[in-house]
Amino acid sequence: MSVFSNVPVLGQRARTVADVPGLGRIRRCNPVAHHGRRAVVGCIVTLCLLSAQVRAQSAASSGSVKGVVTSEGGGVLEGVWVKLLQVDGQETGYEAFSNRQGRYFLGGIPPGSYTLKLMHIGAKTVRRSIEVRPGASTSVSVQLSLARSDTPDDEWGEVVVVTGTARSKAIMMEVAAIGKKNVLSADKAGRSPDVNAAEGAGRLPGVYVDNDRGEGRFASVRGAPSSFNRVKLDGASLGSPESDGLSVPLDVFPLAQLAQIEVSKSILPNQDANSVGGEINLRTPTAFGRDGPATSVSVYGGYHELSDRFRGRVTSAHSTIFGGRDQFGVQLYGSFNRKELSAETVEASDWDRTDEIPGFEAAEPFVIDDLELRNMDVRRDRMGGGTVLEWKPTQSARIYASGSFNRFVETEYRDRFVLQLDDGGDIDSTRDITVAPASDEDGIPTVTRATFTGLSDIEREWQRDYTPQNFWVASTGAEIDLDQWLFDVAATLSRTSEKRIRDVVEFGLAPGSAVAFDATGESYLPRFEHLSGPDPFAAGDYTLTRLRIRKNFRFDNVVTASANGSRRSTLLGNELVISTGARVTIRRRKVDEGDDIFTEGASPIGLADRRFERAEANSSLVDGTYNYGPSVDRDGVGVLFDERDDLLEFDQEETTISYSEDDYQASERVYAGYAQTQYRIRGFSALGGVRVEHTDFDISSFAQLAGADEVTFEEDKRESSYTNVFPGVHLRYAVTENLILRASWSNTIGRPSFNELRPSPNVDLEDQEISQGNPDLEPFRSANYDASVDWYSDRFGNIGVAGFYKRINGFLRDVEEEITDGRFAGFTLSTVENADLGTLLGGEVVYNKQLKELPGPLSGLGIDLNATLVRSEVETPEREGEGIPLDGQATFSGNVALSYNRGPVFAQITYGFIGPLFSFEVAEGEDQYEDWNNRLGIKASYNLTRHASLAFSARNLTDQHLRRYRGNTQRIRENEQNSWWAELGVQAKF
């Protein structure tokens with residue numbers, strides 16, 4: 001049974017109201033009044049009436065079997081396969097899987113003598129002789145042992161040996177699912193060097209993560225970007241503190257506080273439809289799922305090589321069951337993790353085509369716009385905790401309340417040295433110029449060596465970035481299992497926020513420098529040399545140009561309420577389950593951003609001032625290639641902020657603009673209802689259903705106007721509503737108890753982010769550019785097809801193969817166009833539109849095996865691997881016929897793990913690979929590619945006693961760099977070095 005589980009603002013704004021000339025008439029979406037909600041309510045009422053009409057056949061002459069399955073310690077077991085056999089062992093076709101409360105039910109059974117068979121991977125199969133009487137219910141509760149077995153058990157054909165009860169439970173959840181699902185157990189996660197939920201999810205097939213400063217942060221499923229996935233905590237929808245408002249940073253959640261990570265790849269009608277890639281559900285442990293009272297504590301200390309700093313983390317958890325009938329349960333957990341690290345990068349934010357190269361005027365090769373060096377020191381603190389309270393007044397009912405809080409705080413000190421080359425100067429055609437031939441990727445040549453003169457925009461920047469993100473989740477609900485009837489209700493409040501403050505100081509170099517650029521060697525390590533004019537490496541040639549205090553406040557509140565009901569009955573002697581339910585999701589988002597901007601005062605302030613210059617500059621940046629040069633002193637710069645009103649000039653106009661141009665408030669209300677029917681016939685299950693979702697949306701922001709004497713704003717409000725229907729069919733066939741076939745057809749939706757819907761234009765008069773969201777965007781639809789084969793074999797290993805295809809209509813793409821009339825004729829307008837069609841095709845393969853047949857100590861060896869290959873194609877008018885991949889798609893990803901587990905020793909070597917990653921740009925030749933990212937890690941532990949172990953782990957042992965390119969490998973976008981880290985700790989369980 002599925003279980004769904006006053007904002008502070010910035011200071012007063014200076015705003016005036018005016019019309020918005022020259023941008024064209026902005027269309028408004030007409031709401032559909034309340035028809036969509038009426039359709040949802042009508043659908044639910046109809047389905048409830050249909051469900052109420054289904055009755056068990058021959059109720060007076062048939063019986064039923066029910067019970068609860070537990071482990072030896074008393075914890076309930078989910079996913080236990082229960083079959084009813086004739087006395088001679090022949091199958092009857094009656095079967096079920098135990099639900100999250102360990103309960104199972106078989107109804108509509110003709111009276112007689114039977115054998116009840118209960119199976120769970122890693123456990124001895126249990127058989128019980130039973131007698132079914134007419135009109136009566138036979139109760140059979142069973143206890144299974146999930147201990148490791150080294151002898152064949154023909155009840156599974158071949159027993160699958162799995163070390164660790166949590167891992168075997170996870171596999172059984174995958175076996176029981178009618179749609180394709182992968183589950184990462186806490187046991188398996190604890191045997192890898194991963195620390196957060198993103199890295200853990202990245203171990204599952206078809207899932208890869210986006211690394212940030214060497215740590216996993218966002219998870220993508222089956223080639224779809226992270227914004228295409230839904231992330232939930234115990235079934236509760238989470239908001240997002242990120243700028244796109246859709247991607248949820250999973251690194252906020254430590255692996256140690258989770259029981260499982262579930263990734264649903266075939267979305268059922270009872271799941272939210274806005275899950276084009278899939279649904280990622282983070283499940284926390286419950287007391288009734290454990291074998292008695294349990295307490296665990298772990299303490300780790302670590303070291304990061306590049307920063308030469310130490311780190312530490314502490315996690316703890318406690319669960320217990322109490323009361324006269326053990327009807328109450330409580331689970332408590334908490335964690336703290338501090339990591340200090342460094343990162344070094346060389347970057348080129350843009351490349352532009354030029355017709356100024358002699359002999360290449362027609363070819364218009366690419367030339368670098370800017371080159372920058374970054375030197376970053378980062379501290380990341382993660383802390384969190386929560387509790388789950390449960391009450392089971394009867395064996396068939398559960399009432400619960402839970403609350404959790406997770407906080408991520410990043411404090412980053414960044415030194416940034418920027419050379420504006422072609423963007424801030426001219427190419428000297430009298431000096432040596434090298435043009436690399438056109439590549440196969442885009443067919444456009446590239447300037448790899450040139451001299452740039454008259455540079456007017458070289459700067460050194462210091463930044464302190466303080467970014468706290470908070471996740472609050474509170475849930476309450478109830479579940480009732482009345483044998484034939486199942487009910488659950490739930491209500492959840494999720495509050496997500498980011499209050500980011502960035503202090504930025506910019507020192508500019510006097511104009512007139514000449515610099516030689518050279519990327520003829522290793523293109524990801526381009527070199528540069530100062531030739532004449534003001535020296536970029538002389539602190540005395542820099543003066544303060546600007547000081548900014550950036551404030552980015554984002555708040556995302558999500559309220560959900562759901563109710564679900566199911567009825568089990570029989571049809572033609574086989575089980576029929578009809579389910580229906582409703583869900584309301586109300587999301588409110590507020591973005592409040594702005595800069596306090598100060599410029600150079602009456603008396604120039606130089607970088608050479610002893611208060612501001614830092615002597616210990618990094619002279620071996622990015623593999624020892626670069627000398628960063630003079631930088632801003634971290635402590636001394638505080639004088640500028642403390643005395644900014646006396647030393648600097650406040651820019652009122654720019655500050656006013658910044659406090660209004662990106663702000664918006666939005667509200668989204670989704671009313672959903674569904675009905676689904678599942679029918680089982682002797683190992684074959686078919687589930688068909690439909691989901692209806694009605695969406696109401698409104699947003700308001702401020703349009704920026706550039707008047708003759710002042711900048712003014714006008715509030716712009718938009719509303720829209722739409723209704724969508726999502727049918728789906730899911731098939732599962734157990735050819736044998738070891739061989740499972742699945743096929744699914746589902747339909748999902750991808751809603752635009754609030755920022756993409758923001759109607760107000762931002763006008764940049766200096767660069768003649770206008771950026772604007774598009775309130776007329778429509779959600780994109782995806783028809784999803786997938787099929788899979790899973791074979792569980794002790795002799796050959798567990799093997800899984802899956803194929804999938806997605807047909808996406810109306811996906812979102814960035815567009816640029818020139819305004820041809822009106823006040824802003826000649827300006828470039830950047831916005832978002834719905835595209836025509838995109839397709840995504842891929843396959844997954846999974847293999848794992850314990851090599852227990854090897855002699856002696858070698859029997860502890862095991863192998864675990866998965867790989868995913870994805871191909872996608874998007875139709876865009878600007879790039880017709882190119883077959884552009886889906887934005888954010890990784891072509892190939894996977895994991896390999898070799899483990900050893902015997903006696904008190906466990907060791908595992910992990911290798912993860914992703915690449916190449918694609919990001920679309922409108923202009924030809926400027927698509928971004930992320931090179932292969934391969935990371936090697938190890939985890940080892942030794943059991944000191946029955947309750948304590950010593951553990952060691954290390955990651956990125958090959959010092960893998962993050963490398964991105966524009967168009968092809970001749971044009972560097974970013975080369976980031978993070979280095980390796982290692983940690984040693986003690987784990988105790990009681």
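A residue is called buried when its relative accessible area is under 20%, exposed when that area is over 50%, and partly exposed in between, using a 1.4 Å probe and protein chains only. The model is predicted, so local features need pLDDT of at least 70 and side-chain atom pairs count only at pLDDT 80 or more, while totals for chains, interfaces and linings use all residues. Residues are numbered from 1 along each chain as its sequence is written, and side-chain values use heavy atoms, with hydrogens and water left out.

**Salt bridges**

Side chains of opposite charge can pair when their charged atoms come close. A salt bridge here is a side-chain nitrogen of Lys or Arg within 4 Å of a carboxyl oxygen of Asp or Glu. The count by this rule is 70 salt bridges.

| Pair | Closest N and O atoms |
|---|---|
| Lys-66 and Asp-483 | 2.9 Å |
| Asp-381 and Arg-379 | 3.6 Å |

Strands (E, at least two residues) are DSSP runs numbered from the N terminus. Lys-66 and Asp-483 form a salt bridge. Lys-66 belongs to strand E1 (residues 63-71) and Asp-483 to the loop between strand E26 (458-482) and strand E27 (485-509), so this pair ties together parts that are 417 residues apart in sequence. Lys-66 is partly exposed at 24% relative accessible area, whereas Asp-483 counts as buried at 16%.

In the pair of Asp-381 and Arg-379, Asp-381 is buried with a relative accessible area of 7%, and Arg-379 is partly exposed with 33%.

Because Glu-410 lies in strand E22 (residues 397-420) and Arg-380 in strand E21 (residues 370-391), the pair ties together parts that are 30 residues apart in sequence. Both Glu-410 and Arg-380 are buried. Salt bridges that share partners also join residues into one network, including Glu-347, Glu-372, Arg-374, Arg-416 and Arg-973.

**Nonpolar surface patch**

Patches consist of residues with over 30% relative accessible area and no salt bridge; like charges are joined within 9 Å and nonpolar side chains (Val, Leu, Ile, Met, Phe, Trp, Tyr) within 5 Å. Accessible areas come from the Shrake-Rupley method, and for residues only the protein chains shown count as cover. Val-905, Tyr-942, Leu-944, Leu-950, Phe-952, Leu-984 and Val-986 make up a nonpolar patch on the surface, together having about 580 Å² of accessible area. Strand E51 (948-955) and strand E54 (981-989) are the elements that give two or more residues to the patch. Tyr-942 is found in strand E50 (residues 933-943) and is partly exposed, with a relative accessible area of 42%.

Conventions: Areas by Shrake-Rupley, 256 points an atom, 1.4 Å probe, with all protein chains shown as cover. Helix = DSSP H or I, 4+ residues; strand = E, 2+ residues; numbered from the N terminus.
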